[in-house]
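Hi everyone, and thanks for coming along. Let me put a structure up on the screen, and then we can walk through it together.

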Amino acid sequence: MSNQPQSIKRRNFIKAASASLLLTSLPAFGFEFFANEKPKKVALIGTGWYGTGDLMRLIQVANIEVVALCDVDDNQLNTAAQLVSERQKNKKKPKLYTDYRTMIESNSLDIVLIGTPDHWHALTCIEALKSGAHVYVQKPISLDVMEGEAMVVAARKYNRVVQVGTQRKSTPHLIDAKKQIIDTGMLGTIGHVDMSCYYHMRANGNPPEQEVPDFFDYEMWTGPAPMRPYDGLPHKRWWRTFREYGNGITGDMCVHMLDTVRWMLDLGWPKRISSEGGIFVQKDGKSNISDTQSAVFEYDGHNCNWQHRTWGNPDDTDYPWSFKIYGEKGVLKGDVMKAEFIPVDGSETIRFDVVYEKEKYPEDLTEKDIELHAAPATRKHMIDFLKAIQNNTKPVADIENGHISTASCILANLSMDLKRPLTYDPQNRTVMNDPEATALLQRSYRGQWVHPHPDTV
């Protein structure tokens, strides 16, 4: 008989069982989808850091041909095209476009990936759906609530699969934690959830106005959003620091953790949302997103609380961006690198660690700016997306759930602005008893661009 303590044996069993569950869930479809079929034709809109990364993960798991890329930055576009030609099987360079409408019209596409800034997600997604393509769109899915409503209706109307890039649902160690801790009831009655982000990720400079470079179409980049004076390439962090193009730290980071908690606890729309915050410390730059914000997403039996600060120290240095689910029997903490269940009875903590796949995918090690810890999760997310396409089913991060998580974060920002709680009615697409807030569910579009509406997509 083994001399191992029961807590250690239980932890080893959980790890072994979780590994077998992960391995046995994949061979039914294999690691290369459509292997015996004609390659699926794929295009990417937005060839920056995350869009290109998503495409590389799709190339790794499916028999596809990347036929087209679209971006308004010629340098970024050409860099991505070179990488695609090196990675895809036929070694061809895809056709290049600066207008997504021309790209979609000119090609019969099976799958479109969208990695643009947030203010472009709705228009590009709906156009791709209308063309008959399935869509993988990054989070948050929209910049305002009504865009998200239109995207959900379009996905259903055109009977296409839309997977949202909330890949925590496909993160192996978090899947294991959900199965072994949440689903088995080890937490007991759950009474509270905390979510937070304390990364110093709020760009806050004062660059001077500049001439727009020849390789960058700033007019098209801005599209339906308000046009700011050009003060440098907006890629990566700079565009996220302005609410003209994104939803701040809440829309960027809370959406991941709220979506994860909603998935783990099987939660729908919050009953009520309230938020407070503003620019309290980092006042010396152009950024107009909050540097400090808290939000409460109310559910029956417990609240999900969010807090972010882009300055100072985190309250828990081991979990600077995380969720913590509190039950009567313990707490489950989780982030992108790990999870742990800490029982209240003093028994041993059960830990779950991030999965890497460096041996199976050695090309990950040389890919510029790759998040190695997230690559396995994104691959698994792509596999789930492809499985949904094959079976005509909803993926794990279906557009409707992506909309709930996104819209909840947008409503938190509106609550902060209006300084009052908001209750959203998804059936009537209104904020209950609040005409002013309801009017803010749809922003104004600039120039020729027409805001999508669920009644007309």
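Here is something to look for as you get your bearings: which side chain does the side chain of Ser 290 join through a polar contact of 2.8 Å? Keep in mind as you look that this is a predicted model.

The partner is Gln 293, whose side chain is joined to that of Ser 290 by the 2.8 Å polar contact. To find the place, go to the loop between strand E8, residues 272–278, and strand E9, residues 292–299, where Ser 290 lies. The side chain of Ser 290 also makes a polar contact with the side chain of His 308, at 3.1 Å.

Is Ser 290 buried or exposed? Its relative accessibility is 7%, and buried means under 20%, so Ser 290 counts as buried. Leaving out residues up to four places away in sequence, Ser 290 touches Arg 202, Ile 249, Gly 278, Ile 279, His 308 and Met 416.

Now follow Gln 293 to another residue. The side chain of Gln 293 is joined by a polar contact of 3.2 Å to the side chain of Thr 250. You will find Thr 250 in helix H10, residues 248–265. With a relative accessible area of 1%, Thr 250 is buried. Setting aside neighbours within four places in sequence, the contacts of Thr 250 include Trp 306, His 308, Cys 409 and Asn 413.

Let's turn to strands. Strand E7, residues 190–197, pairs in the antiparallel sense with strand E11, residues 321–327, over 7 bridges. In that pair, Val 193 stands opposite Ile 325 of E11. E7 also pairs with strand E10, residues 302–309, and here the sense is parallel, over 5 bridges.

Next, please find the open sheet of 6 strands. In what order do its strands come? Reading across, the order is E3-E2-E1-E4-E5-E6, and the pairing is parallel. Why is one side of E3 and of E6 left without a neighbour in the sheet? Strand E3, residues 95–97, and E6 stand at the edges with a single partner strand each, so one side of each has no neighbour there. On average, neighbouring strands of this sheet are turned by 20° against each other, ignoring direction.

Looking inside the sheet, E1 and E4 run parallel and are joined by 4 bridges. Ala 43 stands opposite Val 112 in E4. Helix H3, residues 74–87, packs on the sheet and touches strand E2, residues 64–70, as well as E3. The direction of H3 makes about 170° with that of E2.

Helix H5, residues 121–130, is mostly covered, with 8 of its 10 residues buried. Among the buried ones are His 121, Leu 123, Cys 125 and Leu 129. What covers them includes strands E1, E4, E5 and E6, along with helices H4 and H6. After H5 comes Gly 132, which has a positive phi, near 100°.

Helix H6 has 10 of its 13 residues buried, so it is largely enclosed by the rest of the structure. The cover over the buried residues of H6 includes H5, E5, E6, helix H12 (399–418) and strand E15 (424–425). From first C-alpha to last, H6 reaches 19 Å, close to the 18 Å expected at 1.5 Å a residue. Both ends of H6 are worth a look. At the start, a side-chain oxygen of Asp 144 reaches to within 3.2 Å of the backbone nitrogen of Met 146. Just after H6, Asn 159 takes a positive phi of about 55°.

One last stop: a helix crossing. The axes of helix H2, residues 49–61, and helix H11, residues 375–391, come within 9 Å and cross at roughly 65°. This crossing is right-handed. Residues that meet there include Asp 54, Arg 57 and Leu 58 in H2, and Thr 378, Arg 379 and Met 382 in H11.

Conventions
Residues numbered from 1 in each chain as written. Predicted model: local features only at pLDDT ≥ 70, side-chain atom pairs only at ≥ 80, totals over all residues. Heavy atoms only, no water. Buried < 20%, exposed > 50% of the residue type's maximum accessible area, 1.4 Å probe, protein only. Helix = DSSP H or I, 4+ residues; strand = E, 2+ residues; numbered from the N terminus. Contact = heavy atoms within 4.5 Å. Pairing = 2+ DSSP bridges. Axes fitted to C-alpha atoms, helices over the stretch in contact; angles between N-to-C directions. Polar contact = N/O pair within 3.5 Å; in protein donor to acceptor, adjacent residues only side chain to side chain. Expected span 1.5 Å × (residues − 1). Left-handed = near helix turned anticlockwise from the far one by under 90°.
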